[in-house]
Amino acid sequence: MRYVADRRGKLTKENSAQDCFLKLLYGHVWGRALLRPLVLPQVSRLSGKILDSKASCAFIPRFIRKHSISMGDYVPKKYVSFNDFFKRQLKSGARSIDAGPDTLISPCDSRLSVYPVNGQSVFSIKNTVYTTASLLKNKRLADSFAGGYIWIFRLCVEDYHRYIYVDDGYALKSVHIPGIFHTVNPVANEYFPIYKENEREYTLLRTKRFGDVLQMEVGAMLVGKIENRPGGRAVRRGQEKGNFAYGGSTVILLTKADAAQPDPDILHNSKRGIETRVKMGTRVGRRLA
C-alpha cells in the first residue's frame, strides 16, 4: 500500500494492483526467473521498436481514457507512434515556472520524496539502503553532498515525461552510467537495489542560487529511454533538459549542505513514507545560503 499527498495534504492510495504484481514478480523464485530475460538489453530494444512503430498508435486512445489525460493541455499534432505521443509537449503556459529568487523548483511532474544525506552519504528508500557513491559510482563526488538532501522525483506513466533544469547556471560535466532496467516502483526496492541496476545519466550543475547541484535521470524497466538534449555549457531555469520514452522513470537532485531546504509538507510527508505530488516548475524548497 502506497500513499501520495497533494500540496493541500489530501492523501490518496495509488497503484495497489501494480504493487501486488511487482511483489509477486520480485518476491517469488519463479517471478525472478521470469524477470531475468525481461531486463535484457535486447528485450528493451525490441520493446522500444514496437512502441516507435506506426502500429503502436492503436494503444493511444485506450491509454488516454485509462489515465484520464486532458489532451487540451498539449500541443495538437498527429502522432506517428505511441512513443511520439508519450513524449508529447505541453502548450505554452500549461505549466508556470516559479521565478522566486529563493525558490527551488520541481524539474518534472512527479511524486516527490526527500531524504537527508548524512555524514556517511547514506540514504534509504522504502527500507532499502543506498549510498550516494553507489548511485554515482564516484565516492569523491558523492561525499561532496554529505549534509545536503537527495530529492527523488518518481514519474508515473500518466505524468508529463519531459523535464527541465531547476536553476540558471553552467553544466560542468555529464556522465552516462549503463545498467540493466528494473522498475522504479518503490515496491521493487524490497527485493532489488534498483538504482544500482538502472541506466542513468547525471549532469553536475554550478547554479546561480544553489551552488553545485547534481541532476540525474534514471531509466525504467523494458524501455524508459533517457533522451537528453544536446546543448551548450550555459543553462537556464525552466529550460527543457530532456525527456523519457515510455515507462515510469525517475529524476534525482542532490543539493549540498546549507544550499536548500525542502518545504515543510514535503519533508514531513517523506519522514512518514508518503510521496508528495508536485508539478514541473512549482516550488518544492527554498534557498538557505
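In what order do the three strands of the open sheet stand, and is their pairing parallel or antiparallel? The order is E8-E14-E12, and the pairing is antiparallel. Two strands count as paired if DSSP finds at least two bridges between them, and helices (H or I, at least four residues) and strands (E, at least two) are DSSP runs numbered from the N terminus.

Before going further, a word on the model: it is predicted, with local features needing pLDDT of at least 70 and side-chain atom pairs counting only at pLDDT 80 or more, while totals for chains, interfaces and linings use all residues. Residues are numbered from 1 along each chain as its sequence is written, and side-chain values use heavy atoms, leaving out hydrogens and water.

E8 is joined to strand E14 (residues 240-244) by three bridges, and tyrosine 163 has glycine 242 as its bridge partner in E14.

Now for strand E7 (149-155).

| Pair of strands | Bridges | Sense | A bridge pair |
|---|---|---|---|
| E4 and E7 | six bridges | antiparallel | proline 116 and tyrosine 149 |
| E7 and E15 | seven bridges | antiparallel | tryptophan 151 and leucine 253 |

Next, the nonpolar cores, which are sets of buried Ala, Val, Leu, Ile, Met, Phe, Trp, Tyr and Cys residues joined through side-chain atoms within 4.5 Å. The largest has 36 residues, and Phe85, Leu112, Trp151 and Phe153 have the most contacts inside it. E7 gives the most to this core, with four residues. A second, separate core of 17 residues includes Val117, Leu136, Ile152 and Leu254.

Finally, take a look at phenylalanine 145, in the loop between helix H7 (139-143) and strand E7. Phenylalanine 145 counts as buried because its relative accessibility is 0%. Leaving aside neighbours within four places in sequence, its contacts (heavy atoms within 4.5 Å) include Val117, Leu204 and Leu254. Phenylalanine 145 and leucine 254 are 109 residues apart in sequence, yet 6.8 Å apart in space, C-alpha to C-alpha.

Note on methods
Buried means under 20% relative accessible area, exposed over 50%, partly exposed in between (1.4 Å probe, protein chains only).
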